[in-house]
Amino acid sequence: MSAPVVGRAGLPGAHRPDAGWMRGSDRDLRSLPVLAALVALALVFQALNGAYLSADNLVNLTQQAATTGIITLGMVLVLMVGQVDLSVGAVSGLAAAVVAVAVARAGWPLVVAVVAAIAVGAAFGAGYGWMYTRLGVPSFVITLAGLLVGIGLQVQVLAPVATVNLPYESSLVRFAQQAFLHPAVSLGVVAVVVVGHGTLAVLERRRRLAAQLPARSLGAVLLRTAGLAVGLGLPVWYLNTSRGVGGMVALFIGLVWVADVVLRRTRWGRSVRAIGSNVESARRAGFPVRRVYVAAFTACAALAALAGVLQAGRVAAAHQGAGGAELTLTAIAAAVIGGTSLFGGRGSAWSAVLGVGVIHAIGSGLTLVNADGSLRPIVTGVVLALAVTVDAVSRRSRAANGR
Amino acid sequence: MTHPPVMSLRGITHSFGAVRALVDVDLDVHAHEVVAVVGDNGAGKSTLVGVMSGALVPDAGEVVVDGQEVLLRSPGLARQLGIATVFQDLALCEDLDVVENLFLGQEVRRGPVLDEVAMEREALRLLAQLSARVPSVRTPVSGLSGGQRQAVAVARALVGEPRVLVLDEPTAALGVTQTAEVLNLVERVRDRGYGVVLVSQNMADVQAVADRVVVLRRGRVNGVFDAASASYEDIIAAITGVSPQRRGGAS
């Protein structure tokens, strides 16, 4: 380990031309194996069944993935502070029950019912945060307790029946089942994002150069912006040849985008990563550690509740079996496959998109090739093991290289 | 030493239950000076670091900074008053990069968002000032060597221009090359006008960089030596208490 001390480039090495965007390229590289896995999955399933990559199937796939994705996003937040929430499935099921009973049985206005359901979820999360930060109970145990409580409450809320149907004309059901962005709107959003990204990148480059810091070349900026345009525009255009980008999908991506900006660009986000990396250092650095924990748990449970509400809309019903342990484990698996560390500190909001993409690509593919239902968890498990292995190996080699 | 000290401890006394960790300890730190605090295990070095860093409020005694008596109630307050401490464990976040660690808890913002450009520029300036070499300021700290980490921790302590830098056992876990790096670092910090308190158990390090040596024994100051003139044996004697003596540039 003494080699790097004497320096690769003499002066403080950051004068190396590529140093300034090292972290950016690092992050891109980290998601490469997952993207490669997605492409491989797509090619294999397409070869087995020509309908796999059809726009219709991809629209279905994105619609199915959106709710799991929202749960995974919350899980990413909790994992990044080095904790875990085992109750997201149960909380989403409870929220579905609350919204269905409030609308169909009690006749509450939809908005009130949705807010109530999300508030119930947030209360669970706030409770976890309080018990963890004030009483020191491990999150594994508190959220396990929350899982059991949630399952019981779900049954009680629905009682005396096991299933409460939502009316098909409810706007929640319509939003979850039939809301799609108009093609012009979706492509317009893509255009705004691409132009905005390009403008910000050029401005950032100008500021870095003015500060005499290494910056990307103009060509690299253009190339990346063009890449973004193709990477976003092409799928959106393709989905638009069928029903288009679902409202839930847009909501999911929007939430991920907001979470990503907050995690990377704000002091709060920095505190989340610092706490997940080393709580004691974060505390000594003056971050409000307790508040951040409570906020992460609350956001996670509230997102799980939101996903439960949307899921109730998608199937137009809430039933006793909604949510459940498998959903929780899927969310954890998706977060880890997407590149978020189980041990805190490392991860990104976009890992929710990648991980859920992989898991649902497998699920959808196996359904299309009429595989036995038991194969899905097996394949998902193998992919999860691979993802964790790739992460562990790459981290070890990075540490060994001293970079 | 014609200038008044930037930091003085006067009669610092602290007990943990029945254990008297510090008894009536005096310590002066001037600008452009490295004061080494040495002592055996349990001599009270860590407690003293705690007091200077603001992590520990002593039972009795006063801390004077720039001629003003202050109460170091918290690490944040100590920092504001210009006393920065690098703890033995460095308190770095492994997953965060060098810039992020340097500004941990004191991020520069531009409106609601972090100003990465300003922070990166300042990080480069601080590291250059210490002639510290890291592969890139955007490398996660997990990829740095022990000496590089120490440099990052020291650079972080210098964010916000403190006047006194307290280093707690900076070379304890390092190999020969990296120890030399860190000692160079200490000298550069001193040469830039900071007062440095070097808490150490390693006599070789102390003799290499210290201007004055304060020996703690069982919570009391058991001798203050001028590093240039004091012999190794004198200091060891004061540490072990074989023949306690007081001489040299007394405070």
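The questions and answers below go through chain A and then chain B of a predicted model.

Residues are numbered from 1 along each chain as its sequence is written, and chains are lettered from A and ligands numbered from 1 in the order in which they are written. Local features need pLDDT of at least 70 and side-chain atom pairs count only at pLDDT 80 or more, while totals for chains, interfaces and linings use all residues.

User: How many helices and strands are there in chain A?
Analyst: Helices (H or I, at least four residues) and strands (E, at least two) are DSSP runs, numbered from the N terminus. Counted in this way, chain A has 15 helices and two strands.

User: What is the radius of gyration of chain A, and why does it agree with a compact globule?
Analyst: The radius of gyration is taken over C-alpha atoms, and the globule rule is 2.2 Å times the number of residues to the power 0.38. For 403 residues, a compact globule would have a value near 22 Å; chain A agrees, because its radius of gyration is 22 Å.

User: Is A:Leu384 buried or exposed?
Analyst: A:Leu384 is placed in helix 15 (residues 375-401) of chain A. A residue is buried if 20 or more other C-beta atoms lie within 10 Å of its own, exposed if 12 or fewer, and partly exposed in between, with C-beta atoms placed from the backbone. A:Leu384 has 21 other C-beta atoms within 10 Å, so A:Leu384 is buried.

User: Which residues is A:Leu384 in contact with, leaving aside its neighbours within four places in sequence?
Analyst: Two residues are in contact if their C-beta atoms, placed from the backbone, lie within 7 Å. With the neighbours within four places in sequence left aside, the contacts of A:Leu384 are A:Ala333, A:Val336 and A:Ile337.

User: Into which domains is chain A divided, and how many Å apart do their C-alpha centres lie?
Analyst: Domain bounds come from an automatic or database domain assignment. Domain 1 of chain A covers 21-179 + 246-393, and domain 2 covers 180-245. The C-alpha centres of domain 1 and domain 2 of chain A are separated by 26 Å.

User: Which helix of chain A gives the most to the side of domain 1 that touches domain 2?
Analyst: The contact takes 10 residues from domain 1 of chain A and nine residues from domain 2 of chain A. On the domain 1 side, helix 2 (55-80) and helix 9 (247-265) of chain A each supply at least two residues. With four residues, the one that gives the most is helix 2 of chain A.

User: Which residue stands opposite B:Thr85 in strand 9 of chain B?
Analyst: In strand 6 (residues 83-86) of chain B, B:Ile83 and B:Thr85 are buried on one side, and B:Ala84 and B:Val86 are buried on the other. Strand 6 pairs with strand 9 (residues 164-168) of chain B in the parallel sense over four bridges. Opposite B:Thr85 stands B:Val166.

User: What is the bridge partner of B:Val37 in strand 11 of chain B?
Analyst: Strand 3 (residues 33-39) and strand 11 (residues 212-217) of chain B run parallel and are joined by five bridges. In strand 11 of chain B, the partner of B:Val37 is B:Val214.

Terms used:
Two strands pair if DSSP finds at least two bridges between them.
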